[in-house]
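Please have the sequence and the model open while reading.

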Amino acid sequence: YDRGEQKVEVTNATTVADAIKDANVELDKSDRVEPSLDEKLVAKEYSINIYRARPVIVVDGNTKQKVITSSQTGPQIAKDAGITLFPEDITTLTRTDNIVSDGAGLKLEIKRATDVTFDLYGKTSDIKTQAVTVADFLKEKNITLNSDDRISPAQDSKISAGMQIRL
């Protein structure tokens, strides 16, 4: 399978790389093949998938970079770009409208989580969140307040970087 098309090839090749060569399929060094090129062909039939590398614009806050990658998901593309993601970060992969200005047909946007300090009954932890308000934070972290609990700042307070939330 290559670029959405299926090609059937009968071959006496002993590896995936040899089978691809027999099929006259050109690969770029950034393309990815499954199974791997050095996989020995011992079964009667194989499905070989070729993932073509393409340029992707990665936008991480004020940083914008172009990466050539065959990866298919946001976290994989971020990793290829040398970007560390946290579980709370959100990635969105979309087509770009203007290939001339962006230089690529795909754009990966990273929405970073906000760092807050959470004091839960005297135990302090640094936590990342996508929540907009303290109430959203409590909901996101599956925290239910008891009637005796007090939260500071108030639940309608907007989350900001470095904020301290105390329960």
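In this predicted model, Asp60 and Arg112 form a salt bridge in which the closest N and O atoms are 2.8 Å apart. Asp60 belongs to strand E3, whereas Arg112 lies in the loop between strand E6 (106–111) and strand E7 (114–120), so this pair ties together parts that are 52 residues apart in sequence. A search of the whole structure finds eight salt bridges, and the points below describe some of the residues involved.

**Around Arg112**

- Arg112 also forms a salt bridge with Asp89, with 2.7 Å between the closest N and O atoms.
- Because Asp89 lies in the loop between helix H2 (74–80) and strand E5 (90–95) while Arg112 lies in the loop between E6 and E7, this pair ties together parts that are 23 residues apart in sequence.
- Asp60 is buried at a relative accessible area of 17%, and Asp89 is buried at 11%, whereas Arg112 counts as partly exposed at 30%.

**Around Arg52**

- The side chains of Asp2 and Arg52 meet in a salt bridge, with an N to O distance of 2.7 Å.
- Asp2 lies in the segment before helix H1 (16–22) and Arg52 in the loop between strand E2 (49–51) and strand E3 (54–60), so the pair ties together parts that are 50 residues apart in sequence.
- Asp2 is buried, with a relative accessible area of 18%, and Arg52 likewise counts as buried, at 15%.
- A network of salt bridges links Asp2, Asp31 and Arg52.

Key: Residues numbered from 1 in each chain as written. Predicted model: local features only at pLDDT ≥ 70, side-chain atom pairs only at ≥ 80, totals over all residues. Heavy atoms only, no water. Salt bridge = Lys/Arg side-chain N within 4 Å of Asp/Glu carboxyl O. Helix = DSSP H or I, 4+ residues; strand = E, 2+ residues; numbered from the N terminus. Buried < 20%, exposed > 50% of the residue type's maximum accessible area, 1.4 Å probe, protein only.
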